[in-house]
Structures are given as C-alpha cells and as structure tokens.
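The entries follow the order in which I looked.

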Amino acid sequence: MNASRLLFFLALSISLNLPAQEVIFYNPGGERFSFGTDEKRTASICAGDIDLDGDLDVIVANGRHWPDQNEVYLNTGNGSFTVSFPLGFYSSTSYAAEVKDLDGDGDPDIAVGNDNAPNRLFFNENGKFVERGTFGDLYSPTRNVLIYDINNDNYADILVVNRGAPNEICLNDKKGGFDEIIHFGTSDDSTIDVAVADMDKDGDLDLVLANRDGQQNFICLNQDLNFDQKIPFGNGSDETRKVAVADFNKDSYPDILCGNIRESNQIWFSQKGVAYADHIDLDTLSDATYSLDVADVDLDGDLDIVTGNSEEPNRLYLNSGDGRTYNRTDLSDKEWGTYDIQFGYLNDDDYPDLIEANSGSLNLYYINVIPYLEKD
C-alpha cells in the first residue's frame, strides 16, 4: 500500500474510532482498488506469479455463459495493479482460470475452463502466453478447473468440474498435453466445485464434491485413479456451491467447509477417519454463498473463513480458537454477485489480502491492514 493510501485509511480509522478487530480488510470503494473499470460477467479470479518477479499477479476469467475477454493484471510489488493485458485471442464463456507450470519448464502456464466451449491452454513462452491446445471434452458445461498432481508423477494434471456432465481428470503426458481423460460422475450430476485432499490419509489425493440441485455431496476416494467409492457428507439435499478442506479444530484430521445457497454454511468435522456426522452451522444466516476461502487472517494460529455471497454482503468469520465458534464481520455494505473470493499475499507483509470476482460489478481487492494498525 503506498503512503497516500495508508495515511488516508489511518485517518479514516481514527476518525471513525474503528478498532483493528473490526477493520481488517480495506477497500475505499469506487475504482481505486479494482481490477480495471469494466463491470463484466466475471466468474473466477486467481493469483500467481505470472512474470516471475516475486509477487502475486491476478488472472480474471470473464464471460460465464456469454463470450468475453479474459485478463491478466500485473502486481507492481506493493499490492497495486497498474499494468494489464488480455489473455488470448478468443473471447470465451469462461468460468475458471488457474495458473501452474503445466509443461515442466519452470514458468507458470494458464488453463481456462469454458462453458460449452473448448477449454484452452496458454503456455508461457519467454513471458508471453501462447495458446496451444485444449483439454477435456470440447463442449462440456465446465464450471471449475483445478490443477493438481493427481497420479503422483510430479506433473500437474487438470481436473474439470462439469455441471450436468461427467467430471474429468485430464492427465499430463509430461509434455503439457492432456489427451488422456478419466471421467468420474454421471451426466446427472450437478457438481459445481471439487476440493482435492488426502481425506483417508493413504498418501493419494481424494476428491470432495460440492453438488447443487439438492443432490448428495460425496467424498470420492482415490483407488488407483478409480473414484467409484463414495462417502456421503452433508444433509443429503444441500444446494452446495463451494467446498474447502482444512483442519479447523486442529485435531490433525481434515474437516469440510460447505458454502450453501439459501441455507446455513456448515463445517463437517472428521471423526478421525472418513466419517462426517458432527457439524456446526457457521452462522444463523442463510446466505446465497457462491464462494469461500480459508486462511489465518490475523496470524493467531487458527483458520479463519471468508464467504462470497450473491445479493448479500461478503462476510469474514474469525475463528475463536476452537474451530467451532466464529465472530462475523461484513467486508462492506455491497450486495453484489460475488462468484469467487480468495485470499492472496498481494503486498510485502505476512498477512493475507483478498481478491474478489463480481459478476456485473467491479472486481475488487482488499488489503489486510492489521500490520498497519499495529504500527500506528
């Protein structure tokens, strides 16, 4: 944060007598802390060091069901974004973009997932992103893309989440090609999101599915890349839009956080194995939660939560320490359509900041001001 922005915020916080525990993430409104000035149908946002200069840049995926141009914003190093460029020649119906080294040459590449259009690969060639190939079934209703080494061969694979079509794992041929596809799920599945983690602690990566349309949520256990063994979790008829896996109660077992639509968001706790009966409601509110993320916001040793909501304020939940009780604050009074919200380290301190993708509104970022208030 530059000096003028910091002084402005400190003056504001003092004049309003706002304590640090209430003002954690700062965005002054308007266009000052936004990614561009256009109000697009943005569905996804992610961070990665695109230009290998040591800070996190941001990729914005636009379109959803309507073709639009995706964008890359470069970080100046202090958490501001004054340079951007379009990603690729085509406008697409993009729902997701993820950054990772896909061809094993040490620099970041980008995979973009599109709705009923080819999912596209962009490879980094001397700092320029060149489109080279596609991945997955050509015209699937893709809603999310994740990049993990699913088969444990030290090369990144691509997981494609499709709503109303089988989900896909596109295996890397160790050259950045993804022609070999493993399908899981059926054409009736309304899968919107998948979390990837070793749920049964057997050394491989399992899949945690978030399903909409009243369908059961499942953990799909990895058995030599066969994911047919399913373990249910949740209420059985949830409208789950987003899931995250983390150890909220610090018992060394993975818990599952569910972001639900028009019902309480919930944390399902592991019973020291792959069984999830114990749970809490994160809040008494029944938000339309489209996205969420997890990080230690205040560096107190426990995991906090942020939720991105549609037509309600986005909310921050600070963990009281036991993983079962949380203190809620709203990020702002904006009631936009937030399709994606993520923590990321945008400036040169150790506190996580926030990036936010809003469909039909500005895409924003928020600076974590705890270290600045502590200095004051």
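I began with Lys-40, which counts as buried at 15% relative accessibility, where buried means under 20% relative accessible area, exposed over 50% and partly exposed in between, computed with a 1.4 Å probe on protein chains only. This is a predicted model, in which local features need pLDDT of at least 70 and side-chain atom pairs count only at pLDDT 80 or more, while totals for chains, interfaces and linings use all residues. Residues are numbered from 1 along each chain as its sequence is written, and side-chain values use heavy atoms, with hydrogens and water left out.

Which side chain does Lys-40 meet in a salt bridge? I found Asp-68, at 3.7 Å from N to O, and I took a salt bridge to be a side-chain nitrogen of Lys or Arg within 4 Å of a carboxyl oxygen of Asp or Glu. Lys-40 lies in the loop between β1 (25–26) and β2 (42–48) and Asp-68 in strand β4 (residues 68–75), so the pair ties together parts that are 28 residues apart in sequence. Strands here are DSSP runs (E, at least two residues), numbered from the N terminus. Asp-68, with a relative accessible area of 21%, is partly exposed.

The side chains of Lys-242 and Asp-193 form a salt bridge at 3.6 Å, N to O. Lys-242 sits in strand β18 (residues 240–246) and Asp-193 in strand β14 (residues 191–197), so parts that are 49 residues apart in sequence are tied together. Lys-242 and Asp-193 are both buried.

How many disulfides does the structure hold? I found zero, taking a disulfide as a pair of cysteine sulfur atoms within 2.5 Å. For Cys-46 the closest cysteine sulfur is that of Cys-170, 17 Å away and therefore too far for a bond; Cys-46 is buried at 3% relative accessibility. The sulfur of Cys-170 has its closest cysteine sulfur in Cys-220, at 16 Å, which is again too far for a bond, and Cys-170 is buried with a relative accessible area of 0%.

I then followed the order β22-β23-β24-β25, in which four strands form an open sheet with antiparallel pairing, two strands being paired if DSSP finds at least two bridges between them. Its edge strands, each pairing on one side only, are β22 (289–295) and β25 (326–330). β22 pairs with strand β23 (residues 304–309) in the antiparallel sense over six bridges, and Val-294 stands opposite Ile-305 in β23.

Another open sheet has four strands in the order β1-β28-β27-β26, with antiparallel pairing; β1 and β26 (338–344) are its edge strands, each pairing on one side only. Six antiparallel bridges link β26 with strand β27 (residues 353–358), and I recorded Glu-356 in β27 as the bridge partner of Ile-341.
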